[in-house]
Each structure stands twice: as structure tokens, then as C-alpha cells.
There are 2 protein chains.
Amino acid sequence: MNVLIVYCHPESMSFNAALKDIAVTTLTEQGHEVRVSDLYGEGFDPVEHPRHFETRHDNQRFLPLNEQRHAHDNDQLATDVTREIERLHWADLVILQFPLWWHAQPAMLKGWFDRVMVYGGLYSGSRRYDRGVLSGKRAISSVTAGSPLAAFGPWGRGGDISRLMYPTHCSLYYLGMEVLPPQLSFGVQGGGLSYQAEDAFQQHLANLKHAWRTRLGQLDDESPIPFSGWNDWDEDGVLTLQHPLRWR
Amino acid sequence: MNVLIVYCHPESMSFNAALKDIAVTTLTEQGHEVRVSDLYGEGFDPVEHPRHFETRHDNQRFLPLNEQRHAHDNDQLATDVTREIERLHWADLVILQFPLWWHAQPAMLKGWFDRVMVYGGLYSGSRRYDRGVLSGKRAISSVTAGSPLAAFGPWGRGGDISRLMYPTHCSLYYLGMEVLPPQLSFGVQGGGLSYQAEDAFQQHLANLKHAWRTRLGQLDDESPIPFSGWNDWDEDGVLTLQHPLRWR
């Protein structure tokens, strides 16, 4: 299996880096080939911007989707975007490793979606969802958050984590990928900000690492999050009234 | 009333720019003072990064929250962050104007949250939610999306828009703001990608502009989205079992 880890954290001594390293080691030991997109390390530019398009489809007006399609069709995508697309096509499994900042992905990772998932290349009107370009691949988000688990439950003040993850899962499925349940590491708040005493905090981190390592050895047994697909929708892209998912 | 419009689009001839201009004109005509944070125009850097912290709290290990607090407490925040914070304190109403890219804010706007909402300055453990630093202010997201309305309903393939907006609303409320329902402009897909014929598309855009202009004249009548607060939570930050919001 080819595994791409998209790693997004500015600090190489962070817990996110440790979880990334665990994935590299564990999956390599299992005989898989692993590559890492180190977004901070490689200085990825997350801002979709005219500066990334040398030859423009429209020099007057910058419409990102049209420029993406034009650049893709003419082999003129930016070097970093081309590199990330090649990595995605190579991969059977994609792991996104990131901290939850402001209820979502850090800007760096958000912009990886904005720039790399080019219209005309990684999706089109007819190649989306279960007919997506990346069909057959699987994806996992491995996410750290500072607050403890209780705060992210359905009634927690941190925001229901299943709702906070929803946009990311929608994006991965839009590309055609099977989305496995996220790996959630709560209570990861270092530098004296932890809710716990230092000993208990270190034990907590060790437990989180162990859980990730264990899970990575059992991914074959997992089922993806269910999404509806083209056969379930009417012509407006809405789940038909008779569909069982509406009445679950 | 002081109004800050945080405008995030790379193209000055875009529909997002038109909605921003409508807000500036309409609110100014009503006698309000309006300022615009033009994130693309001002070249805002959305990436939280050690490069923004000249004097570090910890030179070995970059922990963003600790560095934010240190820089805030020592008046050493980056110039652009200081400017955005001053604008936020000045404002009574904050309007976020952005296109929905990959089921969320563009990286540029996401990074505005990551960098500007500094720990120790715009929030702390005790100054969040209904005790937040920006309490008493109101916020609206004005969002454009390419797909039509039907796709963003609860059963639409685009993803339920109320779930897609949830992380942004959580962030605004976390800061203490009252969050008004978003202004949603669907089917905004220019450059030959529209689902409609050109005439109908132009009429659709005109209708969307009219709706925004009309709403901006009636904001005083609106009620914010209800969130639970400190008095509703147990010591773990979870809504108590007796709370009526759990049984709605």
C-alpha cells in the first residue's frame, strides 16, 4: 500500500509531529511505502492567487476554477500543485495530520485543498462523489485538540466534533475517497496550558500515541463513513424522499 | 454603528466584491461608519508561523498559543495582527464576506482567525463564549457558493449548509460575538460554469444583490443564533442533563 501523510504543523517537536512519525514508522514496518507532504517544512503557499498562474485563460478577471482548468489542461499548474497531485495519484491511503485551530484545519492545510484540488483535474461536474477522480483511495484525518473529550461531545461547549469534522469529510468524499472515521486526540495542550498535572499529561500523551499506533495496524478491518451517491439523488442532487438514509 | 467588513476574494470584479461594495454603500448611506479589511488586497499572510514572532517566549519550541500570549503581553504582535485587532475592537458589527471553497472559508480567511484571534488577547480560559472579549458585538457571514440552493439542503449532495457554517459560527461565538444567521448566495458560478442561461443567471445575481441590500437595512430587527453559555454548563463544559436545549 502507498501512503501519503499530509502533515501540517509548524513545530517539529510538536505532538502532531510525533503522531506523523508514528504513522511513518508503523506503516513502513508493515511493508507499506510512505511519503510525507510536510506543508510547513516545504513552505507550501496556501493562498489561491493569480500569482500561481503564469499563462492566464482570462487576463482581465481572475476566476479560480477557470484558471485551474486552463492550467491543468495546458500542463501549466504550479510546481508545488503538480507535485501534490502526483503524490495523491500515487497514494492508496491519505492521512491528514493536523491540529484543530479555530474549529477547523489550519489555513496551511485548508489552502492545500484550495490550490491542489484543481477543477478539471481532480474533479469536474461529472467526476465527483462516488464517481470522483480519487475513487478507490481511503483517507483519515488525524486531529489534535487542546480541550478534553467532554467539551467536544454533542453537548460540549467546544463544539460537537462530528459537526466540526463534517466539512473536511465532505471535501474528501467529494474527491471520491472513502473516508475512515477520524483519529481524534483530545487534551493535547502543551507548554503549561494542559488541564492535567504534568505526570498525568505525559501518560495521556503516551496513551494517545499507543492508540494511534494500534489503529494503524488494523486499518484493513475498518469501514468508511457512509455517504449517499449519484444513484441516491434526484436531478437536483437531493436524496430522494424514499431513500432510507432520510429516515434513519 | 461601526461596521468592519472582512472581505476575502482575489478578484475585484467578483460577485463577492459586488456584495462587499453593496454593504459599504448601504451601511454608509444609513449613517454608519464602515471599514474594510481587504485580505487579498492588503496581502494578509494567513500562515501562523515563527516568522511572525520577533522576540520569542521559547526559542527552542514554537507553541503558537504561548507565543501569541507572550507577544500580546509585550506589545510585540505583528503589525497586521495589531491592525486587525484594533479594527475588531472598533467595530459593533463584523461582516465576513467570502466564497465557500472546499466546504469552508478560503485559506486566506481561515488564517485571519488563526493569526488575529490571539490567545491572551482576544480570548483566554475564562474569557470565552458569552464572557468573550468581543461580547456585545454582532457578526454575519455573507457567503457565496457555486452550486444551487437545493444541493445545500439537509439532503443535498453539496453538504448541509447549516453544518458547513457551524465551525465559523462556533469561532465567532467563542470570541463572544452574537452570530446572526448567514447571508447565503447560492448558484454564484460565473465564467460559463453557471447552471443557468446567461440572462437568467444575471437576473439571479441581481436578485441576490437586492436581497442583501434589503437585509442590511433591517439588521436591528434580527435575533442571533442561540448558543448555550457558562450558566448552562457543568464543570466539564457540557450542557446539563436538565437543560431544555438538550431536549428541543
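Reader: At what angle do helix 4 of chain A and helix 4 of chain B pack, and how far apart are their axes?
Author: Helix 4 (residues 107-116) of chain A meets helix 4 (residues 107-116) of chain B at about 175 degrees, with the axes 8 Å apart. This is a predicted model, where local features need pLDDT of at least 70, side-chain atom pairs count only at pLDDT 80 or more, and totals for chains, interfaces and linings use all residues. Residues are numbered from 1 along each chain as its sequence is written, chains are lettered from A in the order in which they are written, and side-chain values use heavy atoms, without hydrogens and water.

Reader: What makes helix 5 of chain A oblique to helix 5 of chain B?
Author: Helix 5 (residues 161-174) of each chain packs against the other at about 120 degrees, again with axes 8 Å apart. Under 35 is roughly parallel, 65 to 115 roughly perpendicular, and whatever is left over is oblique, so that's where this pair lands. Among the residues making the contact are Y166(A), P167(A), Y166(B) and P167(B).

Reader: How do you know that the two copies are related as by a two-fold rotation axis?
Author: Superpose by least squares on the C-alpha atoms of residues with pLDDT of at least 70 in both. Chain B then goes onto chain A with an RMSD of 0.0 Å, by a turn of 180 degrees and a shift of 0.0 Å along the axis. The copies are thus related as by a two-fold axis. In chain B, A107(B) comes closest to that axis, its C-alpha at 2.3 Å.

Reader: What makes you say the copies meet through the same surface?
Author: 100% of the interface residues of chain B are also interface residues in chain A, so the surface is the same. Each chain puts in 64 residues.

Reader: How much area is buried between chain B and chain A?
Author: About 5,500 Å², with carbon and sulfur atoms giving 63%. Buried area is the accessible area (1.4 Å probe) that two parts lose on being put together, summed over both. In chain B, W102(B), W155(B) and R157(B) lose the most, together 19% of what that side buries.

Definitions and conventions
Contact means heavy atoms within 4.5 Å. Axes are lines fitted to C-alpha atoms, for helices over the stretch in contact, and angles run from 0 to 180 degrees between N-to-C directions. Helices (H or I, at least four residues) and strands (E, at least two) are DSSP runs, numbered from the N terminus. Angles under 35 degrees count as roughly parallel, over 145 as roughly antiparallel, 65 to 115 as roughly perpendicular and the rest as oblique.
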